[in-house]
Amino acid sequence: MISISDQSDFSIHNIPFGIFSTADRSKRAGCAIGHQIIDLQVLADKIDLGFDRQVLSAETLNNFIGLGKQVTSHLRARIQAWLRDDASVLYAQEGIFVEQSDAQMHMPVHVGDYTDFYSSIEHATNVGKMFRDPANALLPNWRHLPVGYHGRASSIVVSGAPLHRPCGQLMPKGADQPIYGPTGRLDFELEMAFIIGKENGLGNPISVNDAEDYIFGMVIFNDWSARDIQKWEYVPLGPFLGKNFGSSISPWIVTMEALDHFRVSGPTQQPAVLDYLSSSGDRNYDISLEVGIQPHGSEEAVVCRSNFKYMYWNMCQQLAHHTVNGCNVRIGDMLASGTISGKDESSYGSMLELSWAGSKSLPMTDGTERKFIHDGDTVKMRAFAQKDGRRVGFGEVSTQILPHK
Ligand code: MN
């Protein structure tokens, strides 16, 4: 039987899905277990899984996810049972296990549409204080609906893919004309994103109580931001080139079944929300988050520790709100939380907040300091849930910033 460290994100309780390749295996579906991957294409060659195995040889998981939770949850449960059984097909056959260190990870889904919310009250308050009015940091709508905007799906990349520092239009302080140049305020945003697993069809709102059926799983989401470009362009319509140059995700999709054990209640919502947003039960998740910055050639410094449970608006409310006007969501769509900040300064989920708009610096391990991200820096985000001796993690999303083109 396979032995897995207690500290592994990929315990038997997890079984996340992803797309990988190796030197001699084309892109295909796999599950992470410990430091290994179960090759689902090879598994399907050995045993009839009860569905069209072609979906496991595709370059993305969209068609597999589209089979529905009845199929995907059942496969996950069978893998868990097989892992516990020395006589199972997993151990009887050659070539099913692959070392993660031998594999390259790819985008797990084709993302048709990406939406970014703004659902942490601490983050929205911090940004409102810095960019607007310290006395009225939250706009009047903020506590009544999960504010969001439609982002750019084409530039979402997987962990390990580097990004170039973006250039754009900037308005230097005190100047009366904008200039063109590289951003001087490159920032990360610590977020989680959920992936749509079931379609509603145009014109059919998803109710807040049905929303969980439509969510396949989650990844860590780094919503890269260029604060100077953003600040100049975002009024009156919201973020555009300050955001659409790249977002990075962790490669393994952790299913909602795996996260079920880590449900917690969310913050009290005051004033009460409209009926279509009103839900009961534990809809938040206790997932520890951290961000590290690794300067080129040096060790990483952890700059933020936060938690997904701080979210003011939960995913079911976000999805109900997103579709209440009849907007359709499709399999593979990605809906990100917005920056996840906590109350404590060390839990702020962006450099904008950690450096308080560049008014203070964070120490790095090599003696340098950061207000924003430098060329050559690698930003790493990690996420895991742990309770009752059970650990379910996401691994990490790691992205190096290269100089501008
Ligand atoms: Mn964001």
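This is a predicted model: local features need pLDDT of at least 70, side-chain atom pairs count only at pLDDT 80 or more; totals for chains, interfaces and linings use all residues.
A residue counts as buried when its relative accessible area is under 20%, as exposed when that area is over 50%, and as partly exposed in between.

Arg370 has a relative accessible area of 4%, so it is buried. Its partner is Asp377, and the two side chains meet in a salt bridge with 2.7 Å from N to O. Asp377 is also buried, because its relative accessibility is 1%.

Side chains of opposite charge can pair when their charged atoms come close. With a limit of 4 Å between a side-chain nitrogen of Lys or Arg and a carboxyl oxygen of Asp or Glu, the count for this model is 21 salt bridges. One of them joins the side chains of Arg25 and Asp39, with an N to O distance of 2.8 Å. This pair links distant parts of the chain: Arg25 belongs to strand 2 (residues 25-33) and Asp39 to strand 3 (residues 36-39), 14 residues apart. Arg25 and Asp39 are both buried.

A further salt bridge runs between Arg305 and Glu290, whose closest N and O atoms are 3.3 Å apart. Arg305 is in strand 21 (residues 301-307) and Glu290 is in strand 20 (residues 288-294), so this pair ties together parts that are 15 residues apart in sequence. The two ends of the bridge fall into separate classes under the cut-offs. Arg305, at 53% relative accessible area, is exposed, whereas Glu290, at 17%, counts as buried.

The manganese ion is coordinated by Asp116 through OD, Glu189 and Glu191 through OE, and Asp223 through OD, at 2.1 to 2.2 Å. Along the sequence these donor residues follow the spacing D-x72-E-x1-E-x31-D. Glu189 sits in the loop between strand 12 (186-187) and strand 13 (190-196), and Asp223 sits in the loop between strand 14 (215-222) and strand 15 (225-226); the pair therefore ties together parts that are 34 residues apart in sequence. Glu189 is buried because its relative accessible area is 4%, and Asp223 is buried because its relative accessibility is 0%. Two of the metal donors, Glu189 and Asp223, also belong to a salt-bridge network, in which shared partners join them with Asp187, Arg227 and Lys243.

In soluble globular proteins, nonpolar side chains tend to be buried together. In this model the largest nonpolar core has 58 residues, and those with the most contacts inside it are Phe188, Met192, Ile287, Phe308 and Leu319. Leaving aside residues up to four places away in sequence, Leu319 touches Phe194, Ile196, Ile206, Ala211, Tyr214, Ile215, Val329 and Leu335.

Rolling a probe the size of a water molecule over the atoms shows where empty space is left. The largest pocket has a volume of about 620 Å³. Its lining consists of 31 residues, and Tyr118, Val147, Gln230, Tyr234 and Pro239 lie nearest the centre. Strand 6 (114-117), helix 5 (121-131), strand 7 (148-150) and helix 6 (227-233) are the elements that give two or more residues to this lining. Helix 5 provides the largest share of the lining, with five residues.

There are also two cavities of 30 Å³ or more. The largest cavity has a volume of about 70 Å³. It is lined by 14 residues, and those nearest its centre are Phe308, Met311, Trp313, Met315 and Gln318. Phe308 is also among the residues with the most contacts inside the largest nonpolar core. Strand 13, helix 8 (315-323) and strand 22 (334-336) each supply at least two residues of the cavity lining.

The last stop is Asp366, which is found in the loop between strand 23 (362-363) and strand 24 (369-370). Asp366 has a relative accessible area of 37%, so it is partly exposed. Apart from residues up to four places away in sequence, Asp366 touches Pro295 and Ser298. From Asp366 to Leu43 the separation is 323 residues in sequence and 46 Å in space, C-alpha to C-alpha.

Note on methods
Residues are numbered from 1 along each chain as its sequence is written. Side-chain values use heavy atoms; hydrogens and water are left out. Helices (H or I, at least four residues) and strands (E, at least two) are DSSP runs, numbered from the N terminus. Buried means under 20% relative accessible area, exposed over 50%, partly exposed in between (1.4 Å probe, protein chains only). Donors are N, O and S atoms within 2.8 Å of the metal (3.2 Å for Na, K and Ca); water is not among the atoms, so sites may look incomplete. A nonpolar core is a set of buried Ala, Val, Leu, Ile, Met, Phe, Trp, Tyr and Cys residues joined through side-chain atoms within 4.5 Å. Contact means heavy atoms within 4.5 Å. On a 1 Å grid over the protein atoms alone, a cavity is a set of points where a 1.4 Å probe fits but cannot get out, and a pocket is an open set with protein on both sides within 12 Å along at least five of seven lines; lining residues have an atom within 4 Å of a point. Grid points are joined across faces, edges and corners, and a volume is the space filled by probe spheres set on the points.
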